[in-house]
Structure formats: C-alpha cells, structure tokens
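Hi,

Here is the structure I promised to pass on to you. Have a look at it first, and then read my notes below.

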4 protein chains.
Amino acid sequence: MAYRQTNKVMEKLQSKKKEILTAAREVFAENSYQRTSIKAIAQKAKIATGTFYLYFRNKDALINMIVEEMFYELLESIRNERANFSDGFDKLQASMETCIKLFIKEKNMAKILLVQVPGVNNAFNAKLIDIENELIKLTKEDLDELKSQGRIPNEDTFVSALAFVGSFRQVIINWLREGKPEDLEVSVATLMKYNLRGMGKRDVS
Amino acid sequence: MAYRQTNKVMEKLQSKKKEILTAAREVFAENSYQRTSIKAIAQKAKIATGTFYLYFRNKDALINMIVEEMFYELLESIRNERANFSDGFDKLQASMETCIKLFIKEKNMAKILLVQVPGVNNAFNAKLIDIENELIKLTKEDLDELKSQGRIPNEDTFVSALAFVGSFRQVIINWLREGKPEDLEVSVATLMKYNLRGMGKRDVS
Amino acid sequence: MAYRQTNKVMEKLQSKKKEILTAAREVFAENSYQRTSIKAIAQKAKIATGTFYLYFRNKDALINMIVEEMFYELLESIRNERANFSDGFDKLQASMETCIKLFIKEKNMAKILLVQVPGVNNAFNAKLIDIENELIKLTKEDLDELKSQGRIPNEDTFVSALAFVGSFRQVIINWLREGKPEDLEVSVATLMKYNLRGMGKRDVS
Amino acid sequence: MAYRQTNKVMEKLQSKKKEILTAAREVFAENSYQRTSIKAIAQKAKIATGTFYLYFRNKDALINMIVEEMFYELLESIRNERANFSDGFDKLQASMETCIKLFIKEKNMAKILLVQVPGVNNAFNAKLIDIENELIKLTKEDLDELKSQGRIPNEDTFVSALAFVGSFRQVIINWLREGKPEDLEVSVATLMKYNLRGMGKRDVS
DNA sequence: CATGAATGAGGCTTCATTCAT
DNA sequence: TATGAATGAAGCCTCATTCAT
C-alpha cells in the first residue's frame, strides 16, 4: 500500500519534472542559457518559480539534465539504428541519417546542443563534448573496421572521424542559423558522398 | 607641465587600449562573453573598472572590436596567402593552412572564435558568424571555379564548402579542447587529403 | 499550501506598494530626486533593494506615480471644493483654501511639490509643472468669468492668475522653509484679501 | 618686484576663475546641477578637468560661488536702483523692475536661480533662500514705511511682501519655462498694478 | 600652473535562490 | 507540495576627484 502510494507520488513527481524539462527546452532554444531566467521557464511550465527548486537543485542542474537527456536520446537512437547494419559504410550512414532526422524532428534539441549552450560554461561544454566525443568514437570504430578490411586507405582514422562529424555539424549549424541549405535531406545525401569519397571509399557515384 | 600631445602620448594611449584588448582576449578565452565581467578584464589589465570606459564605450564595443580585429587578422592573412596561388586546389590549401597556422600562433583567438561562442542572440555572435560565412564564401568560390574547370564533379558546392570548413573546424576544436590530434600540422595534411578526395579531385595520393 | 489569490493577498500587495510610496515621499521630501537612491527608499520602507523592483518598473515609474497621486489628490480636492460655489471669488477662495489645508495636512507633499523641485529636464518636473499649470488654468477661468461679469477690471487675467498662484506659493514655501508665517491659516486670510484687491475686486474690507 | 609679480599672478588666476564661472553658468543654465559634469564645464571653459580643481575646491564650491555672485549682482543692482528713489511705492517698483531687467539681460542667471538649482541640495537652497529672504526683507521695509505713513492699510506686511515677491517669481518662472507671457515688460506693468492694488494703494489706475 | 588619464565609490537594475505561508 | 514575494549579491556604468607627468 505504502509502496504503491510512493510509486504514484514518484510518477507524479517525475511527470512534473518532465514538464519542466520540456518547457525549459523550449525556452533555451529561443534564448541562450544566460539570458534564460528561471522565471521564464517557470511561466512556460505553468508553475511558480519556487516550485522549480523542488525539482531541480538549481539552474545548472537543469541544464545538466537537459543535456544528459539529449545525450541519451541522440546516442541511443544512433546505436539502435546502427544495430540494423553490419557493413561499416552502412553504419556510418545510419549514424548520420539518424542524427539529422532527430535534429529535424526536434529542432530545439539541435539549437540547444549546437547553438545555445556552447560557450556558456565549461561544465556544460564538458557534457556537450562528451556527446560529440562519443559520436566521434563510434565513427572512428567504423573507420577502423573498414580500414582493417582494406576498404579504405591506411590513414589516421581519428582525423577522418573528426572530419566526418565536423562536416555534418557545420551543415546542420548553417541550416539552423541561416536556413541554408534549404532542403537538409538532399544536402545530407551530397554530404554523405563527399565524406565517403573523403574516407577513400572506392566507386562513389 | 602640460602633457605634450606628442606621438609618444598617443602611442601610450593606443598601447593601453591594446593591453586592455589583450587582457580581454585572455579572459574571454577562458570564460564566455556573458560570464566575463568588466571587473575581471580590468583586473587582468591591471586597471580600475572605470578606466575601461575611457577606452571603450561599453562592454559590447569591446567585444565588437575584438571580433573585428580577429576578422581582419584572420581573413586578411588568408587573402594574402591565397594571392600567391592561382590554382583552385592550391588556394583552398593555402586558406586552411594559413588559418591553422594563425590559430596555433594565437590560441586565444581560436578559443574565442571556436569555443567560447556565446548564445546566438547578440552582436558578438553575429560577427563570428560573419567570419565563418566569409570563409565559407571564399571556399565556395574556389570550388565553383574548379567545377567550371571540370576538375571536380558537378555537385552542390555550398555543401562541399560547408563540409570543408566544418571538418577543419572540428579538428581544431578537438585539438583545443582535448589536445588531440597532438601534431596538428601532420593531421592537417591528412585532413586536406580527406577533403580533396571528398570534393572529387582525381588522383589524390 | 499555495497562496490563496484572495482579496487579502491582493490587499497586502497593494498596501506594500503604498508603504513604499509613503517611504519614498518621506525620502524625497528630504532630498531631491537625483540625490534620493533606491537604496535609501528601500531602507526607509524596510525592504531589500530588489524588492522595490517588484512594485515599480524603475525609479522613474515611482516618481511618476508619486506625482500623479499628488496631482490627483490636490486637483481633485480643489475641484470638489470649488463645486460647492458658483461665485467666481468664492471659487478662487475655495481653491486656495483647499490647497493650503491639504498642504498643512500633508507637509511632505508640499515639500516635494514646492521645495524639492529638481532640475527642469526630467519627467518628474514636467509633471509638477502640469499641476501648477492646471491650477493656473483654473484660476484664469475664474478670473475670465469675473471679468466678463464686469466684476474686475479689464486686465490680462493670465498675469493675474500667475500672481495669484505665485503669491500663495511663496507664502507656503516660506512657511515650509522658515516656519514663518507661524499661523498659516490667518496669513492665508490676509493673503486672500491682498489678492482680491489685486484683482480689482471692489469693497474689499 | 616680487610683489608686482604676485599681483599679476593673482589677476591671471582671478581671470581664469572668472572664465570658469562664466562657462559653468552657461552649462548649468542648460542642465541641472546633478546632470552637469565637471568635464562639461571644463570643456566649455577650454581647460582640462584637473585644472578646474586648481580654482575650486570641488563642485559644491563652484555652485556656491555662482550663487553668491548672483546674490551680489542681483541685490547690488536692486539696492543701487532703489537709492534713486525715496517714495516707498517707487522703491518697490524700482526693486522689481531692476530684477526683471537683470533676468531678461541674463537669462542664464534667472534659469539657474529659479529653475535649475532649487531642489538640488539643501546647502544651495540655503543660499537661494538668502537671496529671496533679502528681497522679501527689502520689500517688507518699504511696506512698513508705507504703513507707518498711512498710505496702505494696517495689515501684516510680511505676508504682503511674500505675496509681492511670489507673484513676480511666478511670472518670471512661467516666462522661462513656457515662454508665456511673451512680452515680459508689459506683463510686469500689469503685475505691478496688481500688487499695488493688493497692498492697498489708493487710486491705482 | 596645466593636463587628462586613472581611480573607485556609488547608483540603477537583474535574477538565482530562499522562505513564510 | 506549491506559491510567489522577498532577498541581496553582482553586473554595468557614471563621474567627482586625484595624481603622475
């Protein structure tokens, strides 16, 4: 009895926390971290400012959790999608396509991860860097596999991995900031070819 | 006796302004714009807070000048170096090599331009974006030239330009943040090859 | 439990605002606008500096409200009292007597309106001038009526109105500053006779 | 030799001090005391800010001296002019006409005495009040004389003196602030009649 | 004497966080 | 738990005054 009660309370608490997180994402996507006030988030979440502190120790804890959530969402999606493929090139392609699709679907997420939060605070940067590093690591693993299979030249796969991730990052940022390229999906195909050639894949159309 | 309004005095004033700019660059390289206080800059420059305002109208004017200086330093260097070459591929290579060399020489500049990018909604960031866009534009021009010469495939050069710039950006950022790749100059050569292949240049070693 | 958004809460807020206004009036009565700091007002009102900004957008908004309140209090009292009379001379007398009575009752108000007038270039002063002008306008209307009735000579009623208001102003100011004349009410009677004669009323005792 | 040298130096110093005072008057007439910076005065006087402090202990000392100068100029003019008359009414008229003429000639003086400085600071107010009180005292003396001669009714001459001065003050202030009455000299004649009647003079036209 | 750069206290305002209800 | 008023530290900027030249 007491147990179920607690569970229910926990659920309720969790759901309220989720609501705040959702509201916070929206507000952060518009303004930068520093320019976003707790009051604004609370208003968006339709709670009082004080209530915010029942769910988060402070502002930093909030942004931390947001980034961690995104970390999870993004990398989990990528890992799941990659699991459907065994070929290195396919896995690379799957990684990026998943990433792009998620960003298109959740533009706020892209804005926060790529535009708003960077530069705010070394602690958050560290989290963001974790995500990026994880993505780079995955990419490098694929490249190493392809290299060991002799399907790409014997080059520094770390640099290639950075180039791969960086090129996508730039295209997405530009799309977020300037709205160009207009059709991100088409551009991603071009970009993929660019990178496959860059890695040294033979017979790219 | 009165100050003699000689060159000496003027130089001293200019040099003081430079000192403040240098101090500000150092502080900005560590913290973001929003988290950098005038007080901190003044302390670094060993002046009183009020003195800052003798040299800059306000905080925004300072950051504006810093970024404009960097804009000038970076793009002027690149343009100068590019002028030595007529071949499109050579110009692309010259662009990036100059950029990298400058960043190695002036690490704070790289940190400010690439890492401490603050939230999107201010003049500071707008200027930074200008720099990036200018670099992308230059790259695209080279690619368009190469395309018209039939030396690279008929693909969206805007996307290629973004990929090119983005891949370098990522490598430099990683070097700044993690110290890897350790030997940036060597990696840049690899990266260049990656990109040349990516663009579709034939016979890249 | 949540605050109940009852009348009680609202009243409390309003009363707090009133308290701040009262404190501000007291401080302004001692020092001029420019020399009055928010901190001083907050201390007088026994609140923190930040609390002030929960009730007023900024310093100007406060002074605006203070003067508008006074504008309302003073002119409304005068208009109400005048409504009891139809004779021009009676209305003039009613105007000034009401004014004097209010100033005796609310000495701070008199001090702010008459003594702490700050430099000309701000909104505060503009409002104060509005009050004075309104009073002059009312006086002029009475004089015009009397003139059209042939009860005072055919002279420039604007000048007379200024003289009328100015003479009262001077007496009150002197009373505020020097405590003389000691018995303001008696002096006001004398002053009234002075002005009635000045206007050209016949048979003033 | 040394003596003459010193004298010369003193003269020069005095003349520079005068220049600063003149500049300060101009600046104060435009902006209020608080909004007038030493830098602005120095610029108007074509000296360096530091130089200001060679001639005045501080900003307060400057305004003090300005007001004292005006005190002297105004009251001395009035006293001189009054010396030409022996009749009480003539002396009253001479007082005010001199005052008005001086204010018309030196509008800055009027602005400073009547509009800018009041309310700034109790210390300056005190000086201003001295001037006003002196004027009131002179007026009262005339009225007392007239009363003892039986030429005006047996009323409180202090109140009459206040009314007299206050009515002029109001007209001048209105002229400074609003530009009305347009022709001050004509209005002053009307005003004089108003006051003569007010005092109880017989046979005012 | 003159200069004007330098100083730093102090003013206004914002906002993360606390706390009485 | 929920509320939102209250707090006060901290930031930006101004300006009277000082001081090295």
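A:Glu182 is exposed, its relative accessible area being 72%; the cut-off for that word is over 50%. Please keep in mind that this is a predicted model. Where does A:Glu182 sit? You will find A:Glu182 in the loop that runs between helix H8 (157–178) and helix H9 (184–199) of chain A.

Another group of charged residues in chain A is joined up by pairing. A:Arg25, A:Glu69, A:Glu73 and A:Glu106 are linked in a network of salt bridges.

As for chain A as a whole, the chain has nine helices and zero strands, so reading from the N terminus the order of elements is α-α-α-α-α-α-α-α-α. Chain A has 205 residues, and 52% of them count as buried. The accessible surface of chain A comes to about 9,700 Å², with carbon and sulfur atoms contributing 49% of that area. If you take the contacts in chain A between residues at least 6 apart in sequence, 65% of them join residues at least 24 apart.

Now to the salt bridges. How many turn up in a search of the whole structure? Over all chains, the search finds 63 salt bridges. In general, side chains of opposite charge can pair when their charged atoms come close.

D:Asp87 and D:Arg151 form a salt bridge in which the closest N and O atoms are 2.6 Å apart. D:Asp87 is in the loop between helix H4 (59–82) and helix H5 (88–105) of chain D, while D:Arg151 is in the loop between helix H7 (122–148) and helix H8 (157–178) of chain D, so this pair ties together parts that are 64 residues apart in sequence. D:Arg151 counts as partly exposed, at 28% relative accessibility.

D:Glu145 and D:Lys91 meet through their side chains in a salt bridge as well, at 3.0 Å from N to O. Here, too, distant parts of the chain are linked: D:Glu145 belongs to helix H7 of chain D and D:Lys91 to helix H5 of chain D, 54 residues apart. D:Glu145 is partly exposed at 25% relative accessibility, whereas D:Lys91, at 14%, counts as buried.

D:Lys137 has a relative accessible area of 46% and is partly exposed; D:Glu134, with 17%, is buried.

In chain B, have a look at B:Thr98, which lies in helix H5 (residues 88–105). Is B:Thr98 buried or exposed? B:Thr98 has a relative accessible area of 13%, so this residue is buried. Apart from neighbours within four places in sequence, B:Thr98 is in contact with B:Ser77, B:Ile78 and B:Glu81.

Finally, a word on how some of the chains are placed. Chain A and chain D do not touch, and their nearest C-alpha atoms are 32 Å apart. Chain B and chain D do not touch either, with 10 Å between their nearest C-alpha atoms.

Best wishes

Definitions and conventions
Residues numbered from 1 in each chain as written. Chains lettered and ligands numbered in written order. Predicted model: local features only at pLDDT ≥ 70, side-chain atom pairs only at ≥ 80, totals over all residues. Heavy atoms only, no water. Helix = DSSP H or I, 4+ residues; strand = E, 2+ residues; numbered from the N terminus. Buried < 20%, exposed > 50% of the residue type's maximum accessible area, 1.4 Å probe, protein only. Contact = heavy atoms within 4.5 Å. Areas by Shrake-Rupley, 256 points an atom, 1.4 Å probe, with all protein chains shown as cover. Salt bridge = Lys/Arg side-chain N within 4 Å of Asp/Glu carboxyl O.
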